[in-house]
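My plan is to go through it part by part and note what I find.

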Amino acid sequence: MDYINYNLEIDNIKNFLNNIETTKYFESRLIDDLVKHSPKNIYSSNNKFKYVLRKNNYGTRTLYYVAGSYNREYPFNWRNCIKNKHELYDPQYEINLRVRTSFREVIKLGTYSDYSRKHTIYDKNIKKRVSINGCDICHIKERPQIDHHSVFFVDILDSYIKKNNLSYNILYEKYIKFDNNIKRWTLNDNKMLNEWLWFHDQLATYRILCETCNKKKENKAI
Ligand SMILES: [Zn+2]
């Protein structure tokens, strides 16, 4: 376990990628070194790798690689390579994270968004949403986030999984998929989507926190 070097390396690659133009292929020994640590074992000494950064609809830049003489681009999760290099990569954690991300996306269809609409307002001057009554802890109005108060999001999800005799691995194998258009993991079963939304909204209570207070809070709800 080497968290210090792990964090340094993450920052290093982030800075490197920030200075790279999108849509142009590039080669990099720095990234080549990470390919060797890929948990998916994509490295082969016969292949030369080249890379490209592409923006999705939300403006997020994703790194892709092309191996050897093939033209097909695959998403390259460089963070996982760094985790793996420092023995911090845990496949079960990655599965749980993908399931949570997919299920978290769904709650935006329910009371979560109602709460946001009721407690935040668009401020024309700064062109951002601000909270009406301020952060529950420090009372500032900028950068509001909706926090699951009293019951954590993950606890609601865990209860749902338990009640339905499911598991993170079953959900991962059968019910979620990576949507290539939006580049996100999503819940791919409408019946489950509606059941989950109903279940979640029965239990969830919210409060507004500013981004800083939300980060400071024990980050149990991913
Ligand atoms: Zn605050």
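**Entry 1: domains**

Which domains does the domain assignment of the protein give? I looked this up before anything else. I read off domain 1 as 3–85 and domain 2 as 91–220. I keep in mind that this is a predicted model. I then checked the spacing: the C-alpha centres of domain 1 and domain 2 lie 29 Å apart.

I find an open sheet formed by 3 strands, in the order 1-2-3, with antiparallel pairing. Strand 1 and strand 3 are the edge strands, since each pairs on one side only.

How many bridges join strand 1 to strand 2? I noted 7 bridges, between residues 49–55 of strand 1 and residues 61–67 of strand 2. The two strands run antiparallel. I picked out partners along this pairing. Val 52 stands opposite Tyr 64, and Leu 53 has Leu 63 of strand 2 as its bridge partner.

I followed the chain through the turn. Strand 1 and strand 2 make a hairpin, and 5 residues lie between them. I marked Gly 59 in that turn, where phi is positive at about 85°.

On to strand 3, which covers residues 74–75. I see 2 bridges joining strand 3 to strand 2, again antiparallel. Tyr 64 comes up again here: its bridge partner in strand 3 is Pro 75. The hairpin of strand 2 and strand 3 has 6 residues between the strands. In this hairpin I marked Gly 68, with a positive phi near 60°.

**Entry 2: helix 1 against helix 3**

I looked at how the helices pack. Helix 1 spans residues 3–18 and helix 3 spans residues 78–85. Their axes come within 10 Å and cross at roughly 155°. That angle makes helix 1 roughly antiparallel to helix 3, because angles over 145 degrees count as roughly antiparallel. I noted the crossing as right-handed.

Which residues make the contact? From helix 1 I listed Tyr 6, Glu 9, Ile 10 and Ile 13. From helix 3 I listed Trp 78, Arg 79 and Ile 82. By class, I count 5 nonpolar residues, no polar ones and 2 charged in this contact.

**Entry 3: helix 4 against helix 7**

I moved on to another helix pair. Helix 4 covers residues 91–106, and helix 7 covers residues 168–175. I read an angle of about 65° and axes 9 Å apart. The crossing here is left-handed.

I wrote down who meets whom. Helix 4 brings Ile 95, Asn 96, Arg 98 and Val 99. Helix 7 brings Tyr 168, Asn 169, Leu 171 and Tyr 172. I class this contact as 5 nonpolar, 2 polar and 1 charged.

**Entry 4: strands 7 and 8**

Last, one more hairpin. Strand 7 (residues 176–179) pairs with strand 8 (residues 184–187) over 4 bridges, in the antiparallel sense. What stands opposite Lys 177 in strand 8? I found Thr 186 there.

Definitions and conventions
Residues numbered from 1 in each chain as written. Predicted model: local features only at pLDDT ≥ 70, side-chain atom pairs only at ≥ 80, totals over all residues. Pairing = 2+ DSSP bridges. Axes fitted to C-alpha atoms, helices over the stretch in contact; angles between N-to-C directions. Parallel < 35°, antiparallel > 145°, perpendicular 65-115°, else oblique. Left-handed = near helix turned anticlockwise from the far one by under 90°. Contact = placed C-beta atoms within 7 Å. Nonpolar A, V, L, I, M, F, W, Y, C, P; charged D, E, K, R; others polar. Domains from an automatic or database assignment.
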